[in-house]
Amino acid sequence: MSFNYPGNDRVASRRSTILNPKTEFRKIREIPDEELVLLLGHREPGSGYRAIHPPLDDLKLQDDPILKMVPPTPGAQHGDAIEFLQFTDSVYHSPLVPVFRSRLYSVRYRGVDHVTYSGRQLMEARARDLEKHAKELLETELFDPARSALRGITVHGSSMRLDENGLMFDARRRYVFKEGEVWYVKDQMAHPLDKPVSLGPPASEEMLIKNSIVYRKDTVKYREARELLDHLGMIFKRCLYGGFNPEREQE
Amino acid sequence: MNEKRNLMVERLKEIFDTDDITDKHTSFYHFGGWKQSKRKQEFIKRAKQIAESRGIPIYLRDREDIGVPLGQRFYEPLYISSTDTLCERDDLQLINNSAIQQMGDDIKRSVIMGLDLAHRILRERLGKEVTPETINHYMEVVNHTVPGGVVAQEHMAEVNPELTKDSYAKILTGDGELKDSLDQRFVIDVDRLFPEESAGRINDEIGSKIFQVTRVPTLAVRIADGGIVHRWASQQTVLAFIAAYSVGGGAPLADFAFAGKHAQVITLGNTTWPRRARAPNEFGGIPYGYIGDICQADRVSDSLTYIMESIALGGILYDLIWWGGYMGGGVGPVNGTASIYTNEVLDEFCRYMDEWIQHKYGGYATVKPDANIIKEISQESVCHVLDEYDNYPVLLEEHWGGGIRLNVISTVASVATGLATGNSLASLLAGHYVYSHLVKEAMGRNAWGGGDAVDLVSVPDLVSTFPDGALVPELRGPNIFSSMVAHSAFPIGGITASHVARGHPWILSPIVKAAFSDPNLIFDFRYVRKEIAKGAKREFHFAGDRDILKPGGSG
């Protein structure tokens, strides 16, 4: 399945790439499993997953055609509890932004629930599924340590100006800039970590703008996204005419 | 367009204490936290005294282990638009601002009752004469009974007038001859209060009908809900008829009560739907069209200012009090509401679109409200405002949430569409289009989770012929499924703008328009934002004070 976002400009093109479930995103950092667990803060490194029911193989399930059509995710198969992961994305060219996170999650990941806000995006999934998705979201080009952030609480910051090092504001100060890298000193719920976790250096401003999926004066001006604006206008008109006279609209 | 003074830019420079508001970089974490705020220092000092006297802690802002550490970035103050009042965010919180409370109270405690049916009962059923003299006498009596005086039975308890001194009743009629023959203390004089042309049209519409505008005491709506208002007014009015016209017997009383409570009563708000059930005269039941009627800024200012004042009034009423208080509970959406009446932002954006409309279409209400026009105006509104957010990172910082931004942008589009087309339905469609699609696809972010769900359904609903979906925009309000917080400013702005464009002297009701021109109201509805500024500065004289009941109180 491929997806063509309306328009031929570079923002539209990048949006199409983001929303293509076959895209293999460039890996730019390695986060050991132990450090990922620390950042998420749901369990102690090395401990098992919290379970809310026995593994499905141990349960006698009612005959249900949906079970045959939709195979359970590994987390569901093992009875993992549902955990959460939340990102805040700066307006200043975070590689992913909330609405497109939502769309990306929808076409790429199974068994996740998500809520889209203006600055943040919440994902809920079975624990081991969530960790798998978190790994891709944090290790690849989809994350920039200066403009994207893990925040379970006090998410404010997406629209703030940036600090001297180009980092997004965080009232909880979960991360610091040290020797060219961004180090998390607190987990997503702002509990202090025993050992800081580096997420590497921020991308350059040029690179962030080049890969931006936001229409802005320093990428592509929204006024110039004619195909997109026409497409939205078409949706608006169809909703309008459909509401006024559904039968005629169907014709 | 000409280079003009941009008051929004001036305000932003001042509140952020910087000359360069185009820089997207700043510094954080060194401003002294909550200590930047004089209000919070004051709150903490008071909280310590309270905790000591009551033995239970309260307000622990200075504790580092409780919640978010406030003040990690520069804590900018706010200018209230159209004023020179600089205040803190806390000053615009519903509980902290007495003017905002009184604005709501003055609306909620108002009820309008037609006197014609009661006069017919007096004349035809009871054989009484009704003349200007008897009406004057009745008005004296009703101004005794409505604030809590007794007329019929002995040994009844009465109300201390000091506690209900904001309560009274007045007469409203379009009949000039009758009006001139009445005691002027009791008359809402449309001719004196409105510009000549507006007064003439309002008088013509009201005609010879006579209405009694009753204000029950502020304290009444503080001890009960809006459902008390028409009942209080009706009961005290029936008693006044009995006393003024020497009427006895049960059946006439029932007729008066029927007239006052049901037959000829205009409550400002309807009962809300079961899931959001509230009594009549609560804010959720007030139709959008009444907001521009309650607002009186058109009597003293230009069209755009009137629209801005109406938006401030309705935005606060619906978003801050109704959605934030009644429906959500808690401290509520101060920031989203404040964005529409602070720092001259909405004013500046609407001025831009006003000029754009003049240039593009040649004036107000000059263009047919079709889908392409709505699309064109909405696009220009969104593109202009987003350009400004790009140009001024401090503005984006000030409007830090999607709901805040959408509240502003949708209102700009709605006002502009209303002005250009003079069509309120088109203006609402523009607001919903902005909310549902236009901003989302530009920024890749919108409002909060599900916040645009109502907008996605509202475009087809608005033009649907199904009775549960469509309604004349002026009669819509937050008491419908397709409404939620931060969605009140644009319908009010759009509807008010549509009628302004057509030169209408009222939006939905000339009676409501005239009733709120009454100079005896505590809140001055001509200057909504100035009154709120007084509340922020703690200079507003509110009603409903109970100080005389305190130990040592006198009155």
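This is a predicted model: local features need pLDDT of at least 70, side-chain atom pairs count only at pLDDT 80 or more; totals for chains, interfaces and linings use all residues.
**Chain A, overall.** I then took the extent of chain A: along its principal axes the C-alpha trace spans about 60 × 60 × 30 Å. Chain A has 251 residues, and 42% of them count as buried. I also looked at how far apart in sequence the contacting residues lie. Among contacts in chain A with a separation of 6 or more, 61% are between residues 24 or more positions apart.

**Domains of chain A.** I looked up the domain assignment, which gives domain 1 as 10-220 and domain 2 as 221-251. The centres of these two domains of chain A, taken over C-alpha atoms, are 33 Å apart. I then listed the contacts between them: 4 residues of domain 1 of chain A meet 5 residues of domain 2 of chain A. On the domain 1 side, I sorted the residues into 3 nonpolar, no polar and 1 charged.

**The sheet.** I traced an open sheet of 4 strands in chain A, with the order β2-β3-β1-β4 and antiparallel pairing. Its edge strands are β2 and β4 (148-150) of chain A, each of which pairs on one side only. On average, neighbouring strands of this sheet are turned by 20° against each other, direction ignored.

I also checked what packs on the sheet. Helix α5 (residues 98-108) of chain A does, and it touches β1, β2 and β3 of chain A. The direction of α5 makes about 165° with that of β2(A).

**Strand pairs.** I went through the pairs in turn. Strand β2 (residues 112-116) of chain A and β3(A) are antiparallel over 5 bridges. They form a hairpin with 3 residues between the two strands. In this pair I located Thr116(A) opposite Gln121(A) of β3(A).

β1(A) and β4(A) run antiparallel and are joined by 3 bridges. For Thr88(A), I found the bridge partner Ala149(A) in β4(A).

Is β3(A) largely enclosed or left open? I counted 5 buried residues among the 7 of strand β3 (residues 120-126) of chain A, so the strand is largely enclosed by the rest of the structure.

**Contact between chains A and B.** I moved on to the contact between the chains, which takes 41 residues from chain A and 44 residues from chain B. On the chain B side, the elements giving two or more residues are α16 (371-391), α17 (393-398), α18 (402-421), α19 (424-443) and α20 (453-463) of chain B. The largest share of that side, 8 residues, comes from α19(B). I divided the chain B side by residue class and got 21 nonpolar, 13 polar and 10 charged.

**Nonpolar core.** Which residues have the most contacts inside the largest nonpolar core? I found Val412(B) and Leu429(B), in a core of 214 residues. Helix α13 (residues 303-328) of chain B gives the most to this core, with 13 residues. I then took Leu429(B) and left aside its neighbours within four places in sequence. The residues in contact with Leu429(B) are then Leu240(A), Ile374(B), Val459(B) and Leu462(B).

Key
Residues are numbered from 1 along each chain as its sequence is written. Chains are lettered from A and ligands numbered from 1 in the order in which they are written. Two residues are in contact if their C-beta atoms, placed from the backbone, lie within 7 Å. Ala, Val, Leu, Ile, Met, Phe, Trp, Tyr, Cys and Pro count as nonpolar, Asp, Glu, Lys and Arg as charged, and the others, Gly among them, as polar. A residue is buried if 20 or more other C-beta atoms lie within 10 Å of its own, exposed if 12 or fewer, and partly exposed in between; C-beta atoms are placed from the backbone. Two strands pair if DSSP finds at least two bridges between them. Axes are lines fitted to C-alpha atoms, for helices over the stretch in contact, and angles run from 0 to 180 degrees between N-to-C directions. A nonpolar core is a set of buried Ala, Val, Leu, Ile, Met, Phe, Trp, Tyr and Cys residues joined through C-beta atoms within 7 Å. Domain bounds come from an automatic or database domain assignment.
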